[in-house]
Amino acid sequence: MLRIIECWKLNGKIKRCQKCPVLVKNRTHTVQGEGPRRAKVMLIGQAPGAEEDAKGKPFVGRSGKFLDSIFELYGINRKRLFITSALKCYPPANRAPNYQEIKNCRNYLIKQIKVIDPKIVVLMGESAFESVGKNEVLKNRTVIKTVHPASAMRFPSTRKKIMKD
Ligand code: URA
């Protein structure tokens with residue numbers, strides 16, 4: 001019950017967030033993340049893309065479809081994972097998040113990890129690592145640092161890595 005309230009409060013805070021003026025101006029929806037409140041595995045990407053911004057859901061665009069194909073290949077049920085990103089807002093023209101944006105959004109991600117309390121955290125790409133890779137919230141959890149699915153779609157070597165991880 002407490003976990004539901006915490007998640008609900010946090011989602012409200014993210015929706016109302018005004019910390020990054022450029023992102024606030026540009027966004028249609030914030031993308032808090034999606035998945036069970038008690039997920040054992042949390043996947044963290046970089047930032048929502050245009051489709052995620054339009055729908056308010058994580059990984060529903062091309063990277064998401066690619067991720068889904070990996071899940072299907074390995075018999076992983078996406079509904080059992082909590083999926084989110086380092087940033088909760090779409091950076092204009094899908095550019096990479098900058099240092100300040102990652103910093104501004106970090107506490108939301110840390111709070112999500114604390115509340116959901118996953119055993120396994122998968123950091124997909126550099127922004128996820130930059131956000132919480134060295135934070136103590138990852139202590140006593142299994143951390144898998146892998147590549148971002150967008151990179152894995154493009155390069156065979158990174159594709160091999162994400163498959164293995
Ligand atoms: N890439 C991300 O890192 N997150 C999303 O939600 C979509 C694409």
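Helices (H or I, at least four residues) and strands (E, at least two) are DSSP runs, numbered from the N terminus. This is a predicted model: local features need pLDDT of at least 70, side-chain atom pairs count only at pLDDT 80 or more, and totals for chains, interfaces and linings use all residues. Residues are numbered from 1 along each chain as its sequence is written, and side-chain values use heavy atoms, with hydrogens and water left out.

**Figure 1. The whole chain.** The protein chain has eight helices and four strands. Read from the N terminus, the order is α-α-β-α-α-β-α-β-α-β-α-α. The C-alpha trace spans about 40 × 35 × 30 Å along its principal axes. A compact globule of 165 residues would have a radius of gyration near 15 Å, and the protein chain agrees, with 15 Å. That radius is taken over C-alpha atoms, and the globule rule is 2.2 Å times the number of residues to the power 0.38.

Figure 2. Of the 165 residues, 48% count as buried. Buried means under 20% relative accessible area, exposed means over 50%, and partly exposed lies in between (1.4 Å probe, protein chains only). The chain exposes about 9400 Å², and carbon and sulfur atoms supply 54% of this area. Accessible areas come from the Shrake-Rupley method with a 1.4 Å probe; for residues, only the protein chains shown count as cover. Contact means heavy atoms within 4.5 Å. Take the contacts between residues at least 6 apart in sequence: 69% of them join residues at least 24 apart.

Figure 3. The protein chain carries 34 positive and 13 negative side chains, and the centres of the two sets lie 4 Å apart. Lys and Arg count as positive, Asp and Glu as negative; His and the chain ends are not counted. Each charge is placed at NZ of Lys, CZ of Arg, CG of Asp or CD of Glu. Side chains of opposite charge can pair when their charged atoms come close. A salt bridge is a side-chain nitrogen of Lys or Arg within 4 Å of a carboxyl oxygen of Asp or Glu. The whole structure holds nine salt bridges. One of them joins Glu6 and Lys111, with the closest N and O atoms 3.2 Å apart. This pair links distant parts of the chain: Glu6 sits in helix H1 (residues 2–16) and Lys111 in helix H5 (residues 99–116), 105 residues apart. Glu6 is partly exposed, at 23% relative accessible area. Lys111 is also partly exposed, at 34%.

**Figure 4. Further salt bridges.** Arg95 and Glu101 meet in a salt bridge, 2.7 Å from N to O. Arg95 is partly exposed at 29% relative accessibility, whereas Glu101 is buried at 5%. Lys161 pairs with Asp165 in a salt bridge whose closest N and O atoms are 2.9 Å apart. Lys161 is partly exposed at 34%, and Asp165 is partly exposed at 35%. Elsewhere, salt bridges that share partners join Glu34, Lys57, Asp68 and Arg78 into one network.

**Figure 5. Leu87 and Ser85.** Leu87 lies in the loop between strand S2 (81–85) and H5. The residue is buried, with a relative accessible area of 1%. Leaving out residues up to four places away in sequence, Leu87 touches Leu23, Gln46, Ala47, Pro48, Pro97, Glu101, Ile102 and Cys105. Pro97 is 10 residues from Leu87 along the chain, and their C-alpha atoms are separated by 7.5 Å. Ser85 belongs to strand S2 and is buried at 7% relative accessibility. With the neighbours up to four places away again left out, Ser85 touches Ile44, Gly45, Gln46, Ala47, Pro48, Phe59 and Leu109.

Figure 6. At 51% relative accessibility, Ala96 counts as exposed. Ala96 and Ile116 are 20 residues apart in sequence, and their C-alpha atoms are 26 Å apart in space. Asn94 lies in the loop between S2 and H5 and is partly exposed at 49%.

**Figure 7. Two positive phi angles.** Most residues other than glycine have a negative phi. Asn94 is not a glycine, yet has a positive phi of about 65°. Asp117 is not a glycine either, and has a positive phi of about 55°. Asp117 lies in the loop between H5 and strand S3 (120–124). Asp117 is partly exposed, with a relative accessible area of 44%.
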